[in-house]
Amino acid sequence: MSYEQIVVDVRGAVTWIRLNRPDSLNALTSRMSDEMVDVVSSVAADDAVRCLVVTGEGRGFSAGQDLKEFDAVADLDIERHLERAYHRLIPALVDLPKPVVAAVNGIAAGAGLSLALACDIRIASDAAAFLQAFVRIGLVPDSGGTWLLPRAVGYAKALELSMTGERIDAAEALRIGLVHRVVPADDLEKEITTFADALAAMPTTAIGLLKRLLRDAAGLTLEEALAREAAAQSEAAGSHDFVEGVAAFIEKRPPDFTGR
Ligand code: T3D
């Protein structure tokens with residue numbers, strides 16, 4: 001598919017998706033969502049890609065659903081729209097068995113915040129801000145917002161942010177655990193490049209497996225979690241990277257992981 005609303009950049013083993021509607025702070029359209037789903041499925045199928053970065057062009061990461069996309073919001077079949085767009089995009093990112101990094105360059109609001117939360121690691125520019133915007137327009141959080149936000153910041157804070165629609169800055173987002181790191185705006189691209197390259201050089205099979213284990217563990221008993229860990233571990237132990245990791249340790253050299 002050709003990409004009109006995102007820019008896709010393959011840099012070695014890292015694929016970058018840059019949302020490219022800066023005039024609307026990268027508000028999300030159905031087209032943009034389709035384009036992202038297409039890239040994520042290509043990344044999933046390509047062994048050469050071992051990390052995905054999502055960022056935004058201009059001063060926004062994403063202002064959420066494009067509120068101007070629909071002719072008349074009152075007539076919109078919102079349930080159908082959510083299913084078609086976000087119910088494909090958000091799970092595609094959460095379930096991708098490779099590391100996904102959000103380079104949060106600016107405001108992340110509503111479904112734009114959900115998009116950042118669907119990424120495994122969030123590194124924010126000090127110019128970024130965060131807003132669970134839904135309540136401000138009379139909506140409830142969607143696009144995974146009720147599932148993803150409490151996992152990042154805990155139930156109480158998620159409820160507060162969702163109920164008030166309060167805008168928080170990057171420093172506060174770091175304090176409450178919404179982002180993993182904050183860097184000066186001018187350094188964001190360089191910092192993300194270094195970080196994503198390092199993630200891409202890690203044992204990708206193990207990372208894919210551990211993502212799934214952690215995602216599922218909250219709903220399991222300890223015994224169930226132990227069983228899942230054991231099954232995943234035998235998969236990880238069957239990888240070339242496990243053999244390489246142990247050999248590198250014994251030989252006192254850095255490992256050369258291939259992702260297989
Ligand atoms: O329909 C469904 O499927 C339901 C799904 C809902 C999921 C959701 O994401 S609901 C939440 C949607 N998002 C919002 O409600 C946020 C709306 N935007 C804002 O509140 C503000 O723009 C921000 C706080 C994000 C940023 O404020 P500020 O002052 O920095 O920028 P601005 O001037 O408001 O926006 C700049 C431009 O972007 C402006 O366009 P203009 O006037 O220069 O032509 C503005 O209209 C446009 N823009 C910002 N957000 C959106 C948008 N255009 C369309 N949709 C947006 N969400």
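User: Which side chain does R31 meet in a salt bridge?

Analyst: The general idea is that a salt bridge is a side-chain nitrogen of Lys or Arg within 4 Å of a carboxyl oxygen of Asp or Glu. Here R31 pairs with E4, at 3.7 Å from N to O. This pair links distant parts of the chain, 27 residues apart: R31 sits in helix α1 (residues 30-45) and E4 in the segment before β1 (6-11). Helices (H or I, at least four residues) and strands (E, at least two) are DSSP runs, numbered from the N terminus. A search of the whole structure gives 17 salt bridges.

User: What should I keep in mind about the model itself?

Analyst: It's a predicted model, where local features need pLDDT of at least 70 and side-chain atom pairs count only at pLDDT 80 or more, while totals for chains, interfaces and linings use all residues. Residues are numbered from 1 along each chain as its sequence is written, and side-chain values use heavy atoms, with hydrogens and water left out.

User: Where do the domains fall in the protein chain?

Analyst: Domain bounds come from an automatic or database domain assignment. In this chain, that gives domain 1 (6-200) and domain 2 (204-251). Their centres, taken over C-alpha atoms, are 27 Å apart.

User: How do I read the interface of domain 1 and domain 2, and how many salt bridges cross it?

Analyst: The size of an interface is often given as the accessible area lost when the parts come together. Buried area is that loss (1.4 Å probe), summed over both parts. Domain 1 and domain 2 bury about 730 Å² between them, with 54% of it on carbon and sulfur atoms. In terms of contact (heavy atoms within 4.5 Å), 14 residues of domain 1 touch six residues of domain 2. Two salt bridges cross the interface.

User: Which elements give two or more residues to the domain 1 side?

Analyst: On the side of domain 1 that touches domain 2, those are α3 (86-95), α5 (145-153) and α8 (188-200). The largest share, three residues, comes from α3.

User: And the ligand: which residues come nearest?

Analyst: Near means a heavy atom of the residue lies within 4 Å of the molecule. Of the 25 residues around the ligand, Q65, L67, K68, H81 and A111 come nearest. A polar backbone atom of A111 is 2.8 Å from an oxygen atom of the ligand, and a backbone N or O atom of L67 lies 2.9 Å from a ligand nitrogen atom.

Key:
Buried area is the accessible area (1.4 Å probe) that two parts lose on being put together, summed over both. A polar contact is a pair of N or O atoms within 3.5 Å; within protein, one must be able to donate a hydrogen and the other to accept it, and residues adjacent in sequence count only if both atoms are side-chain atoms.
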